[in-house]
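User: I'd like a close look at one part of this protein. Could you pick out the residue I ask about below, then walk me outward from there to the charged pairs and the overall fold?

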Amino acid sequence: MKTPMRFFALALAPAMSAAAAELRFTVEAGGHPRIQTVVQVPDPGTLPERPALEATDGERLPIQLADDGTFAFILPQLDRGETKEFKVVSLAEESADRVLTAVEGDLVNLTLGGAPVATYRGGKGDLPREDIDAVYRRGGYLHPLMTPSGEAVTDDYPSNHVHHHGIWMAWTKTRYQGRNPDFWNMAGKTGTVEAVALDHSWSGPVHAGLDARHRHIDLTSGEPVPVLDELWSVRLWAIEDSASPYRLLELRSEQRMASEAELELPEYHYGGLGIRGNGAWDGQDRARFLTSEGVTDRNLANSKPARWIFMGGGIGQKDAGVAILSHPENFRSPQPVRVHPKEPFVCFAPQVGGDMEIKHATAYLSNYRFVVFDGAANADLLERLWNDYAHPPSITWLE
């Protein structure tokens, strides 16, 4: 299945000219062990119909094509330092879709093997409680995000921070044309983020996802003024690891100025990517945290750089959690994290590192993966998945 692809190309070596009769390449694990690893490959442009991969040991893997000239597959296992050879073959039938999207009005539901994983909320929808002011109605975010057993690790419209919505993106302290719109805190009515359109959604054997457009709007001048045009690309990968079950969701944000002006982002303690955890974790001692630097104290983790951060806790009779992996090419990587002292809230906040700006001629790119699982934090798993993301296997085409 051919789908748009705007994610980082994870296979780094350039493609060589390959013979049309047989396309072969090697995957090299490099310095990290690979288990259920996402691999993205430069497309030589001569793939057969209904392509798949066949390894020298006879193993066959589905692949999924994209419009940017790449294809993706899931590498089951490759030990550190090992290399495996694949050739492209043609199947008699299309590979079955394993991950699916279903559009229901303003909602896009993503499932893996029939189990719900995430929902993108495009429209503003109805407010969940009568005591919430209409100013807080918002679309353009992800909620709920589900564990393999079906527990939601995100919350929406929590009573103590009504403007928190699952997984969302916005800037807080800003300067634009002499004004100070706040796109995060909606109560002040100085700024907002609106979902503009769902451009595309797809299903497939390797990934399912969607492309959607958002607009960040300044409300301080009397008339709404578009400031940022944002593209969200969301992707759910077809990964089912029986040893350590988890879900892997990827989000890429591309923000561009809607005018020739610049958006100034002065130093501030939060703003950027936010995630609100399950309501069961609300309270000073109910949520547990772990960062890539080994920090478990939420106050010590706050405002410190991290490659990844885990947030979780008890839901009913069991534990569950979510980890956010930040790509090393993100601005000011490793980015500082904002961890709320009492509430289940985490934000990757590059503004903590000082003043920044988004210029007219340059897109501001952000890339994150979300690892969702039942149970307590697993540092070894998260470190392995971050290395897959940051240091993917290399690809070499064979003549």
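The residue is glutamine 36: which residues does glutamine 36 touch, not counting residues up to four places away in sequence?

Analyst: Glutamine 36 touches Ile74, Leu75 and Pro76, and also Ile239, Glu240, Asp241 and Tyr246, once residues up to four places away in sequence are left out. Bear in mind that this is a predicted model. The residue sits in strand β3, which covers residues 34-42. With a relative accessible area of 17%, glutamine 36 falls under the 20% cut-off, so it counts as buried.

Now for the charged pairs. The count for the model comes to 26 salt bridges. Take glutamate 85 and arginine 24: their closest N and O atoms are 2.8 Å apart. Glutamate 85 belongs to strand β8 (residues 83-90) and arginine 24 to strand β2 (residues 24-28), so this bridge ties together parts that are 61 residues apart in sequence. Glutamate 85 itself is partly exposed, at 26% relative accessibility.

Another bridge joins the side chains of glutamate 343 and arginine 276, at 2.6 Å from N to O. Here glutamate 343 is in the loop between β23 (337-339) and β24 (345-348), while arginine 276 is in strand β19 (residues 272-276), so the contact ties together parts 67 residues apart in sequence. Both ends are tucked away: glutamate 343 is buried at 7% relative accessible area, and arginine 276 is buried at 1%.

Arginine 129 and aspartate 131 make a salt bridge too, at 3.5 Å from N to O. This one has a partly exposed arginine 129, at 32% relative accessibility, and an exposed aspartate 131, at 65%.

Zooming out, the secondary structure comes to two helices and 27 strands. For 399 residues, a compact globule would have a radius of gyration near 21 Å, and the protein's 21 Å agrees with that. Its C-alpha atoms fill a box of roughly 65 × 50 × 40 Å along the principal axes. Of the 399 residues, 55% count as buried. Among contacts between residues at least 6 apart in sequence, 71% join residues at least 24 apart.

As for the surface, the protein exposes about 15800 Å², with carbon and sulfur atoms supplying 46% of it. There are 38 positive and 54 negative charges, and their mean positions are 3 Å apart.

Technical notes:
Residues numbered from 1 in each chain as written. Predicted model: local features only at pLDDT ≥ 70, side-chain atom pairs only at ≥ 80, totals over all residues. Heavy atoms only, no water. Helix = DSSP H or I, 4+ residues; strand = E, 2+ residues; numbered from the N terminus. Buried < 20%, exposed > 50% of the residue type's maximum accessible area, 1.4 Å probe, protein only. Contact = heavy atoms within 4.5 Å. Salt bridge = Lys/Arg side-chain N within 4 Å of Asp/Glu carboxyl O. Rg over C-alpha atoms; globule rule 2.2 N^0.38 Å. Areas by Shrake-Rupley, 256 points an atom, 1.4 Å probe, with all protein chains shown as cover. Lys, Arg positive; Asp, Glu negative; His and termini not counted. Charge placed at Lys NZ, Arg CZ, Asp CG, Glu CD.
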